[in-house]
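Here are my notes for your first read. Keep the structure open beside them and check each point as you go.

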Amino acid sequence: GYGTLAFEDLWPARGDYDFNDLVVDYQFRTITNSENYVSEIQGDFVVRAIGASFENGFGFQFPNSAIDNDDINVTGYSVINNYITLTAKGIESSQNKPTVIVFDNAFDILSRISGEIGVNTDPEGTEIEPDTVKIIMTIKPNQYTENQINLSNFNPFIMVDLTRGKEIHLPDYPPTNLVNEVYFNTLHDNSDQIQGRYYKTEANLPWCINVYQSFDYPIEKSAIITAHLKFAFWAESNGVDFADWYLDKDSYRNTENIY
C-alpha cells in the first residue's frame, strides 16, 4: 500500500500547522536480479493536496553515501522551473548522496482553480483528482543489495516556494548539501546539528510527518492538533506515546476538521 508524507511549509515558523501544504502518497517497488542485486526501483508519488500559496518542490535523498551518483539513472521527474540542476542521469548535482527531485513545483502536477488558494483542502472548494508522478530509477547491475540502498530510511523533503536552499525534512533527518543553514534556530526551529536534532520545535513538534498508510489530513487552517487529537501527545513525547495517533479510533480525531 501507500504511505503519506504531509508538510507544513512555513518553517522555521510554526505557521497554521494544518499539515496540508503538501500531501503526497508514495510507494516504492524494488526489482532485483537473479543475483539478488537491485536493478530497478519504481516510485509512485500521488499529489493529493496543496494547501498553500507557495510553489513547493519535492524530492528525496538516498540514505547511503556509499552509493555512487553515477550508478543511478532517473526518469519520469517533473523539473521545469530553472532552480534545480540535474546531472545527465537525472540525479541532482552537487550532492554527497543520490538525490532525486520528483517535481520542482507541486502546482505543475495539480493546477489550482482561479480564485482558490490551494487544492483539495477547502471542503467548499473545487475537488481535483489527485495526480501521480511515476519515477523509474535504473541501478547499475550487480552493484547494490536492497539493504545497501535502504529505501525504508529514505529522506524526503520539500523545497519551499522555488527556493532551493529552504528545505523541510522529517524530524531528525538531516538536510542535503544544498540547504541554506541560515534558517536553523530561527523563529520556532530548535535544531541542534551537533546532537543530530533537526526540524523540531522546542516541544518536539515537527514540520513533516510520514504515516505508513494513506493519511486523513486536516482541512485548511485547522491545526493538526484540532483534527488528530493525540498528535500533540505523540510529538511532545518524541514518539513514545500514541504512536497510532493517526488511526480512526475512539476519541482520536475530530472529523469536522479532516478533509
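**Notes, starting from one residue**

1. Start with the contacts of Asn20. Not counting residues up to four places away in sequence, Asn20 touches Phe7, Ala49, Ile50, Gly51, Thr121, Tyr217, Pro218, Ile219 and Glu220. Bear in mind that this is a predicted model.

2. Where does Asn20 sit? Its place is the loop between β1 (3-7) and β2 (22-32).

3. Is Asn20 buried or exposed? Its relative accessibility is 0%. Buried means under 20%, so Asn20 counts as buried.

4. Look next at the side chain of Asn20. It reaches the backbone oxygen of Ile219 at 3.3 Å. Ile219 is also among the residues that Asn20 touches.

5. Now step back to the whole chain. It has three helices and 10 strands. Read along the sequence, the pattern is β-β-β-β-β-β-β-α-β-β-β-α-α. The radius of gyration is 18 Å, close to the 18 Å that the globule rule gives for 259 residues, so the chain is as compact as a globular protein of that length. Its C-alpha atoms fill a box of roughly 50 × 45 × 40 Å along the principal axes.

6. Of the 259 residues, 50% count as buried. Take the contacts with a separation of 6 or more: residues 24 or more positions apart account for 67% of them.

7. Finish with surface and charge. The accessible surface comes to about 11500 Å². Carbon and sulfur atoms hold 44% of that surface. The chain has 16 positive and 38 negative charges, and their mean positions are 3 Å apart.

Technical notes. Residues are numbered from 1 along each chain as its sequence is written. This is a predicted model: local features need pLDDT of at least 70, side-chain atom pairs count only at pLDDT 80 or more; totals for chains, interfaces and linings use all residues. Side-chain values use heavy atoms; hydrogens and water are left out. Helices (H or I, at least four residues) and strands (E, at least two) are DSSP runs, numbered from the N terminus. The radius of gyration is taken over C-alpha atoms; the globule rule is 2.2 Å times the number of residues to the power 0.38. Buried means under 20% relative accessible area, exposed over 50%, partly exposed in between (1.4 Å probe, protein chains only). Contact means heavy atoms within 4.5 Å. Accessible areas come from the Shrake-Rupley method with a 1.4 Å probe; for residues, only the protein chains shown count as cover. Lys and Arg count as positive and Asp and Glu as negative; His and the chain ends are not counted. The place of a charge is taken as NZ of Lys, CZ of Arg, CG of Asp or CD of Glu. A polar contact is a pair of N or O atoms within 3.5 Å; within protein, one must be able to donate a hydrogen and the other to accept it, and residues adjacent in sequence count only if both atoms are side-chain atoms.
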